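Let's take a friendly tour of the salt bridges in this protein. Have the sequence and the model open as you read.

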Amino acid sequence: MDIYNIEHIYKKQRRRFGRHYEFEDTDIITLTDIKPNDMLNSLYIERTPIHRGVQITKEKSEHEVNTETRQYHSQGMLHLEGGWPKDVNINDIDFKKRYQKKVENDEKYHRVLQNLAEPMVHNLAQNNSLDVYEAYFPPSEKYNQYANVMWRTGTSSATVLTVFKDPCCKYKRTASSISWYPSDYKKIAVAYCTPQSQDVPEGMDMDSFIWDVNNPNTPEMQLLPTSPLCCLEYNPKDTSCIVAGAYNGTLFYFDTRRGSQSVDYSHMDKSHNDPVYDVQWIQSKQGTEFASISTDGLLLIWDVRNLGEPIERNVLDTKGSKHLPEGTLGLISLDYNTQYSTSKFLIGTEQGVISSWNRKSKKKDKIERSYHGHHGTIYSVQRNPFLTRFFLSIGDWTARVWMDEIWKQPLIETRYNDSYLTGGCWSPSRPGVFFTTRMDGTLDVWDFLHNHNKPLVSVGLSDTGLYSIRPSNGKYLAVGDALGNVSFVELSDDLCNFMNGEGQSSSEEKDAIMKMFEREMKREKVLEAQKKKEDVEAPTSISVNDAFFETTVVDNEYMYESEAADLLRPPTVTSRPSSASRSGTISRPQSASSRASSSVSLYVSRIDQNVEIQDDVDEEELKRITQEFFEEINGQDEIKV
């Protein structure tokens, strides 16, 4: 467009223009005359050329606003019979039926019914419309022998659907425990508390909440204890009952039908001395018994019908352990699986030990077996829901898979992670899938059929650590972080073995995982047998500097046993022998893996009266005398002194 040809015609009455202007020619009139000034010329600076864009339109800025949050709440309604005319007696059934026939025979009733039926049929047709995501061609077994198991609808993924935020904003609280509503997984109960290393601040809210997964804005119900809850669990047989462990060591029993207040609670003098870290419902005739653990070393069995005193009181300690100093075990995580046993528990401890505890054992401590290997606290321990002989443990920087019969080392161990692991669990729908949470706020999804070395999916859920995780039916996860946020995560169909929204059979994957575990079992047993054989065939040299000695009186004989594996314990003397001449047994030091294998013993008879061990001999003297024995008998099978 030619801007020089723009014209605009003004139409106005002549009288509105005012008087005519009269111009005339005159002589030139000089108003001012400014002479050139060299000084001003020296101050003149030429400006560097600048390119600048100019818009002829008005400048505008972009703003974003959030709409006001709508508050929703659920409310029930009781519908009673009504709407009858005044002259109809609703208590007279015969009269009501005659009136109904009269209305149904009316032509107006038929016209109204037809008018209402058309939109209803239209809406039903919309609901039954074509599903654009429907899979018409499922995979063929010709290309995949595990077609029903490994069929993937796309890239494996974990999607956050919504986040449940702690309504109490005065203090930041950790979502320490999560429990799903057992029947339909439409609700989650969340316990909120501060970490153990922090004191409970004054004025901090002690409420915990029950959320409806379809309404993340407002919790459905409050739980009002007298101390912050560290853990909670729905009763699988009575879904309205919740048992919870508190920060002050007490136990609370809630019935959602009776409101937010607890129905009963335990007395502090009969409860734990430290915060309750886990609770599990156990099998009983009435379905009212549960177990609780804490870092005070107590495992208590309770009945919700009487929380005044526990049914059983068990103390787990380290007496008799060669790997740990004497004391009580700090109990952190608990697993109870009725498919494996109704009396056995798996317990993870602060000391990095997993204990298999049997309620019906005849042992004093009832610990059947201990599994060593982790370098720190074990935050989660759980049996595989499909293969109950195998269980998962989460501690330090690794996740490990163990078997009951092999306790010296795990079958499978993940690589050490850069961030500390804080929890984990198996998938309830796939035998080879498990989940781990990390201190950096990342959720990892592992699939043993896909890869052993790295997770299949990693999702960053928070800027802070994740401290609780719980799966529902395999399709959804609830993950809690240090700020009290609970992320509601949906897994892709391949990670949960779902097809078209329905769970599929896991029998083929179960067989594949079982074969993989059995292969690892055989490998561990072969390596252990080979190690024992190497230790038996090892040369007979003894290094005194790598051992310490324990003295024990057994049937008038004193025995020095070398324990080369336990270098961390100081030398101890449990009993002193008398000054009389005795015969002793000296055993060669063995490694921890071959201590059970046979070893060559050197027998020494002390008949020289000039070399006696007195009652008041100290540990250094005892070690010196033993050193002399080793020097005298070195390289010989038997020697008389």
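Is Arg257 buried or exposed? Arg257 counts as exposed, at 58% relative accessibility. Here buried means under 20% relative accessible area, exposed over 50%, and partly exposed in between (1.4 Å probe, protein chains only).

## About the model

This is a predicted model, in which local features need pLDDT of at least 70 and side-chain atom pairs count only at pLDDT 80 or more, while totals for chains, interfaces and linings use all residues. Residues are numbered from 1 along each chain as its sequence is written, and side-chain values use heavy atoms, leaving out hydrogens and water.

## Asp238 and its partners

The whole structure holds 21 salt bridges, each being a side-chain nitrogen of Lys or Arg within 4 Å of a carboxyl oxygen of Asp or Glu. One of them pairs Asp238 with Arg257, with 3.6 Å between the closest N and O atoms. Asp238 sits in the loop between β6 (229-234) and β7 (241-246) and Arg257 in the loop between β8 (251-255) and β9 (264-265), so this pair ties together parts 19 residues apart in sequence. Strands (E, at least two residues) and helices (H or I, at least four) are DSSP runs, numbered from the N terminus. Asp238 is partly exposed, at 28% relative accessibility.

## A buried pair

Arg430 and Glu509 also form a salt bridge, at 3.0 Å from N to O. The pair links distant parts of the chain, 79 residues apart: Arg430 is in the loop between β22 (421-426) and β23 (433-438), and Glu509 is in helix α6 (residues 507-536). Both Arg430 and Glu509 are buried.
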